[in-house]
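Please open the model in your viewer and keep the sequence panel beside it.

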Amino acid sequence: MTKVPDHIARMIRVDQAGEFGATRIYAGQLAVMGDRGPHSAEIAGMAEQEAGHRAKFDALMARRGVRPTALQPFWDRAGFALGAVTALIGPEAAMACTAAVETEIDDHYSRQLDQLEASGEDPELAAMIEEFREDEREHRDAALAAGAERAPAYPLLSGLIRIGCRAAIRISERV
């Protein structure tokens with residue numbers, strides 16, 4: 001197995017952690033909302049896509065010998081808690097959570113793609129990121145269409161979630 005350059009390993013590690021966190025957020029939301037709540041079917045569909053993304057990153061990590069973040073147990077609980085709390089606030093808050101997270105992931109994936117395209121490195125990883133970024137954009141747009149901006153204190157809620165996402169990205173790249 002060829003050694004993966006450190007910056008590529010960090011990309012794969014953080015992206016897998018993000019997809020894992022997304023599955024946990026949706027699990028928390030569905031645990032509160034059940035399968036009959038507003039947007040439950042849509043959230044379940046998004047969760048299924050995120051699980052597919054995670055599976056592809058898991059396989060890529062295994063093939064390339066990239067270790068997962070040591071914080072995965074923390075992201076497991078934090079993601080579930082974020083999903084559950086936003087669902088407890090209400091369906092629009094659950095959608096606000098999705099919109100905020102996916103906005104940050106879109107920005108994050110776009111920066112990674114710019115870096116990969118500029119260097120011509122790792123076309124396999126670039127193709128995965130590009131495909132998943134389009135799914136994340138669809139999730140964000142669906143959440144906005146479902147009333148995310150009508151959530152109580154939307155600017156504050158969205159801002160806090162986005163700050164948390166940015167911090168999680170930076171930490172998971174290295175830890």
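The expected span of a helix is 1.5 Å times one less than its number of residues. Helices (H or I, at least four residues) and strands (E, at least two) are DSSP runs, numbered from the N terminus. The model is predicted, so local features need pLDDT of at least 70 and side-chain atom pairs count only at pLDDT 80 or more, while totals for chains, interfaces and linings use all residues. Residues are numbered from 1 along each chain as its sequence is written, and side-chain values use heavy atoms, with hydrogens and water left out.

**First selection: helix H5**

Select residues 123-145, which form helix H5. H5 has 23 residues, and its first and last C-alpha atoms are 33 Å apart, close to the expected 33 Å. Just after H5, select glycine 147, which has a positive phi of about 105 degrees.

**Second selection: an aromatic pair**

Rings of Phe, Tyr and Trp (its six-membered ring) pair if their centres lie within 6.5 Å; planes under 30 degrees apart count as stacked, over 60 as edge-to-face and the rest as tilted. The count by this rule is two aromatic pairs. For one of them, display phenylalanine 57 and phenylalanine 132: the ring centres are 5.5 Å apart and the planes stand at 70 degrees, so the pair is edge-to-face. Because phenylalanine 57 lies in helix H2 (residues 40-64) and phenylalanine 132 in H5, the pair ties together parts that are 75 residues apart in sequence. Both phenylalanine 57 and phenylalanine 132 are buried.

Move to helix H3 (residues 72-89), where threonine 86 is found. Threonine 86 is buried, at 1% relative accessibility. Its contacts (heavy atoms within 4.5 Å), leaving aside residues up to four places away in sequence, are Gln29, Ala93, Ala94, Cys97, Leu157 and Ile161.

How many disulfides does the structure hold? There are zero, a disulfide being a pair of cysteine sulfur atoms within 2.5 Å. The cysteine sulfur nearest to that of cysteine 97 belongs to cysteine 165, 7.4 Å away, which is too far for a bond. Cysteine 97 is buried at 0% relative accessible area, and cysteine 165 is buried at 13%.

**Last selection: glycine 164**

Finally, select glycine 164 in helix H6 (residues 154-174). Glycine 164 is partly exposed, at 37% relative accessibility.

Definitions and conventions:
Buried means under 20% relative accessible area, exposed over 50%, partly exposed in between (1.4 Å probe, protein chains only).
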